[in-house]
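Hi everyone, thanks for making time for this. Please have a look at the chain on the screen while I talk you through it.

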Amino acid sequence: MEKIIRVRNLEYVYPDGTRALKGINLDIHKGESVGLIGPNGAGKSTLLLHLNGILKANQGEIEVLGMKVEEKNLVRIRQKVAIVFQEPDDQLFMPTVFDDVAFGPMNVGFPEEKVRKKVKEALKEVRMEGYEERCSHHLSLGEKKKISIATVLSMEPEILILDEPTSNLDPGARKNLIELLKNLNLTRIVAGHDLELILETCPRVILLDKGKVVANGDTKSVLGNKSLMESHGLEVPLSLRYLGG
């Protein structure tokens, strides 16, 4: 399979001296859906923010779609690597849903006809057709999360990164979002604490702790390893536990 993300010896230290990433090495292949898990403070969000150059590594190398993550490539990389943040209000700031979803394509100079086409396609993909004139901030949290995904799908990304996509969702909205993620036809990295979501949507998982990759493999094998999970402050998901002891 074609490698579309390549990370080698990645190191990052925050300005206060906190060493957040320590020699990260990993590959993501085209079409994969990969989970990124770990306890709070493991470095998950820090790693994600390096993949489209929001944070700049102190050491090491990142290559995305054959391009080094460096200043001259950032505009192209950020169009192709889309990050959906945990809080949808961080991404929704325009008067209407249409304006929010159109913002990215307009900013990179898509012609008006193409902008309208991409907005329509993105809203259809997240099953939010007909919401164009609604105010994003008056929507439910589940609807906001779907619109947040639409705002990046309209940019024609090849890689979709989602940080805690199901946090604070009620069961119905969570189920809808999981079905949506399963049907998206692009490379995905899903980070978070919802291990049942990771099980349902990601055949491979990377376990990060204290800035290091401590496991990288088949999702059921990693999440079902009780001693591994507990040693890194996590629990085996309920669906993988043996009932009745």
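I'll go from the whole chain down to two residues.

This is a predicted model, where local features need pLDDT of at least 70 and side-chain atom pairs count only at pLDDT 80 or more, while totals for chains, interfaces and linings use all residues. Residues are numbered from 1 along each chain as its sequence is written, and side-chain values use heavy atoms, with hydrogens and water left out.

The protein chain has nine helices and ten strands; these are DSSP runs, with helices being H or I of at least four residues and strands E of at least two, numbered from the N terminus. Its radius of gyration is 18 Å, close to the 18 Å from the globule rule for 245 residues, so the chain is as compact as a globular protein of that length. That radius is taken over C-alpha atoms, and the rule is 2.2 Å times the number of residues to the power 0.38. Along the principal axes, the C-alpha trace spans about 55 × 50 × 40 Å.

How much of the chain is buried? Buried residues make up 53% of the 245, where buried means under 20% relative accessible area, exposed over 50%, and partly exposed in between, using a 1.4 Å probe and protein chains only.

Now for our two residues. N9, in strand β1 (residues 3-13), has a positive phi of about 55° although it is not a glycine. N9 counts as partly exposed, at 44% relative accessibility. E164 sits in the loop between β7 (159-163) and α6 (171-183). Its phi is positive too, about 50°, and E164 is not a glycine. At 14% relative accessibility, E164 counts as buried.
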